[in-house]
Amino acid sequence: TIGAETSQTATCTGSTKITGGGWQAPANNNGYMPTESYPSSGTAWTATVRCFGGGCSAGNLTVYATCH
């Protein structure tokens with residue numbers, strides 16, 4: 001839905017802690033505008049994007065957590 005926001009979270013495994021993160025949308029889908037990308041806890045990274053084109057969905061958003 002145009003104008004809608006969607007969020008996803010990636011988490012660290014085991015006893016590792018978050019050291020960074022980010023997000024990626026498909027290269028052929030330029031309908032996303034990032035609104036937030038941040039460490040949401042000591043072990044998780046969350047990204048939120050707003051849809052401004054067709055074909056946006058949470059399933060197309062990949063969030064990465066870099067852990068150490």
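Here is a short chat about the predicted model above.

Q: What does the secondary structure of the chain come to?
A: This is a predicted model. The chain has zero helices and five strands. Along the sequence the pattern reads β-β-β-β-β.

Q: How many residues does the chain have, and what share counts as buried?
A: The chain has 68 residues, and 31% of them count as buried.

Q: What share of the contacts comes from residues 24 or more positions apart?
A: They account for 67% of the contacts in the chain with a separation of 6 or more.

Q: Now the sheet. Which strands are in the open sheet, and in what order?
A: The order is S1-S4-S3. That makes an open sheet of three strands, with antiparallel pairing.

Q: Which strands are at the edge?
A: S1 and S3 are the edge strands, and S3 covers 32-41. Each of them pairs on one side only.

Q: By how many degrees are neighbouring strands turned against each other?
A: The average is 20°, with direction ignored.

Q: Over how many bridges do S3 and S4 pair?
A: Eight bridges, in the antiparallel sense. A hairpin of two residues joins S3 to S4.

Q: Which residues stand opposite each other there?
A: Proline 34 is one of them, and it faces valine 49 in S4. Another pair is methionine 33 with its bridge partner in S4, arginine 50.

Q: Arginine 50, then. Which residue forms a salt bridge with it?
A: Glutamate 5 does. The closest N and O atoms of the two are 3.0 Å apart.

Q: How many salt bridges does the structure hold?
A: The structure holds one salt bridge.

Q: What are the relative accessible areas of the two partners?
A: Glutamate 5 has 45%, so it is partly exposed. Arginine 50 has 32%, and it is partly exposed too.

Q: What about glycine 31, where is its place?
A: Glycine 31 is in the loop between S2 and S3. The C-alpha atoms of glycine 31 and arginine 50 are separated by 8.2 Å. Along the chain these two are 19 residues apart.

Q: Is glycine 31 buried or exposed?
A: Buried, at 1% relative accessibility. The cut-off for buried is under 20%.

Q: Next, threonine 46. Which strand is it found in?
A: Threonine 46 is in strand S4. Its relative accessible area is 7%, so threonine 46 counts as buried.

Q: Which side chain does threonine 46 join in a polar contact?
A: That of threonine 9, at 2.8 Å.

Q: Which other residues does threonine 46 touch?
A: Leaving out residues up to four places away in sequence, threonine 46 touches Ser7, Gln8, Thr9, Glu36, Ser37, Tyr38 and Ser40.

Q: Changing topic: which cysteines form a disulfide?
A: Cysteine 12 and cysteine 67. Their sulfur atoms are 2.1 Å apart. The disulfide count comes to one.

Q: What is the angle about the S-S bond?
A: The angle is -90°, and the link of cysteine 12 and cysteine 67 is left-handed.

Q: Where do these two cysteines lie?
A: Cysteine 12 lies in the loop between S1 and strand S2 (18-24).

Q: Which residues does strand S5 cover?
A: S5 covers residues 62-67, and valine 63 has its place there.

Q: What is the relative accessible area of valine 63?
A: It is 13%, so valine 63 is buried.

Q: Which residues is valine 63 in contact with?
A: Beyond its neighbours within four places in sequence, valine 63 is in contact with Gln8, Thr9, Ala10, Gly22, Trp23, Trp45 and Ala47.

Q: How many residues apart along the chain are valine 63 and tryptophan 45?
A: They are 18 residues apart. Their C-alpha atoms are separated by 7.5 Å.

Notes:
Residues numbered from 1 in each chain as written. Predicted model: local features only at pLDDT ≥ 70, side-chain atom pairs only at ≥ 80, totals over all residues. Heavy atoms only, no water. Helix = DSSP H or I, 4+ residues; strand = E, 2+ residues; numbered from the N terminus. Buried < 20%, exposed > 50% of the residue type's maximum accessible area, 1.4 Å probe, protein only. Contact = heavy atoms within 4.5 Å. Salt bridge = Lys/Arg side-chain N within 4 Å of Asp/Glu carboxyl O. Pairing = 2+ DSSP bridges. Axes fitted to C-alpha atoms, helices over the stretch in contact; angles between N-to-C directions. Polar contact = N/O pair within 3.5 Å; in protein donor to acceptor, adjacent residues only side chain to side chain. Disulfide = S-S within 2.5 Å.
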